[in-house]
Amino acid sequence: MLGHLECFVSSAESGSFSAAGRKLGISSAAVGKNVTKLETLVGVRLFQRNTRKLTLTEEGERFLQEVSGGLLSIQCALKGLSSSGGVAVGTLKVSMGTAFGLHFVLPMLPEFLARYPAIVPDWHFDNRQVDLIGEHFDVAMGGGIELAQGMIARELAPAHGVLVASVEYLQRHPRLQQPEQLVEHAGIFIRSPQTGRIRNLPLRNADNEQRVPAMVIKMTVNEPEAAAQAAEMGLGIALISMPNALPYLESGRLVRVLPGWYVDRGSLCLYFPTTKFLPTKTRVFVDYITEQFRQQKLATRFDAR
């Protein structure tokens with residue numbers, strides 16, 4: 001019965017049996033058979049089917065609302081059974097930004113696995129905002145993820161962006177003292193992986209004044225690490241997040257431009273399901289990351305003010 005419900009909910013969320021099958025790791029035919037068996041059990045048709053589209057019936061819409069939350073609790077409870085006796089065990093699926101994950105989170109892995117050797121990391125390095133529940137992640141690390149029902153966010157650090165450039169670039173171009181002077185400079189811009197639009201949020205200072213970083217578009221990239229490396233090559237000024245910028249700033253490969261100004265993007269958070277059945281593997285990971293941020297003073301180091 002649980003398998004039937006998982007197939008139904010996944011099909012309703014994704015809009016097709018094939019997409020649900022990919023998410024669940026089974027064939028689309030198996031998903032369809034499970035949904036048909038469920039319809040037989042409950043005695044009503046849950047989907048209207050045709051060759052192009054899968055649509056919930058009125059009864060299916062109502063049934064989805066009634067079972068979704070309960071299904072999540074059951075799934076989490078079953079995961080919790082694998083952590084019997086308080087032992088953290090099992091595959092831990094985590095999403096995190098590429099450069100942030102490689103520079104800061106991956107180095108934490110050896111000590112974490114030394115403490116919890118029965119956990120198998122399944123870590124996804126990606127700059128997109130994932131669907132934590134729909135894609136079956138245990139934890140996501142990042143910012144700006146919409147809090148769906150059944151999710152909680154634990155704040156780790158401010159999410160600030162800063163302007164950076166190489167010393168060589170700044171020596172070759174007009175001196176910068178005010179944001180208005182950015183129009184005289186080449187900008188390296190990052191496109192959002194969600195929308196494809198250029199990220200160009202306003203700069204602010206300690207007095208909460210705001211200015212748009214109106215640089216000439218020299219180039220655009222879809223990866224913050226590429227923007228940092230392009231800035232290191234002297235191609236222009238890049239606006240990147242502090243976790244991406246910090247390795248370059250601390251090594252001297254890049255310097256801040258207009259250091260009194262920064263972009264406020266909210267908070268860097270840990271996202272995970274909120275339930276009394278939270279698996280031990282998830283709980284110990286959340287606690288460990290929080291502890292490491294405190295010990296390494298990452299909240300302070302990521303603060304651009």
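**Salt bridges and cores**

Mentor: Start with Arg-211 and Glu-180, whose side chains form a salt bridge at 2.7 Å, N to O. Arg-211 is in strand β9 (residues 210-211), while Glu-180 is in the loop between α7 (167-172) and β7 (186-190), so the pair links distant parts of the chain, 31 residues apart. Bear in mind that this is a predicted model.

Trainee: What does Glu-39 pair with?
Mentor: Arg-49, in a salt bridge of 2.9 Å, N to O, between the side chains. Glu-39 belongs to helix α3 (residues 28-42) and Arg-49 to strand β1 (residues 47-49); the two are 10 residues apart, and the pair links distant parts of the chain.

Trainee: Why does Glu-39 count as buried?
Mentor: Because its relative accessibility is 10%, and buried means under 20%. Arg-49, at 32%, counts as partly exposed.

Trainee: And Arg-115, which residue does its side chain meet?
Mentor: The side chain of Glu-291, in a salt bridge of 2.7 Å, N to O. Arg-115 is partly exposed at 36% relative accessibility, whereas Glu-291 is buried at 17%.

Trainee: Which residues are linked in a network with them?
Mentor: Glu-111 is linked with Arg-115 and Glu-291 in a network of salt bridges.

Trainee: Switching to the nonpolar side. Which residues touch the most other members of the largest core?
Mentor: Met-141, Leu-270, Phe-285, Ile-289, Phe-293 and Phe-302, out of 46 residues in that core. Helix α10 provides the largest share, six residues.

Trainee: Where does this core lie relative to the domains?
Mentor: Domain 2 (90-158 + 267-302) and domain 3 (164-250) both give residues to the core, so it lies between them.

Trainee: What does Ile-289 touch?
Mentor: Leaving out residues up to four places away in sequence, Ile-289 touches Val-105, Met-108, Met-141, Leu-156 and Leu-270.

How values were computed
Residues are numbered from 1 along each chain as its sequence is written. This is a predicted model: local features need pLDDT of at least 70, side-chain atom pairs count only at pLDDT 80 or more; totals for chains, interfaces and linings use all residues. Side-chain values use heavy atoms; hydrogens and water are left out. A salt bridge is a side-chain nitrogen of Lys or Arg within 4 Å of a carboxyl oxygen of Asp or Glu. Helices (H or I, at least four residues) and strands (E, at least two) are DSSP runs, numbered from the N terminus. Buried means under 20% relative accessible area, exposed over 50%, partly exposed in between (1.4 Å probe, protein chains only). A nonpolar core is a set of buried Ala, Val, Leu, Ile, Met, Phe, Trp, Tyr and Cys residues joined through side-chain atoms within 4.5 Å. Domain bounds come from an automatic or database domain assignment. Contact means heavy atoms within 4.5 Å.
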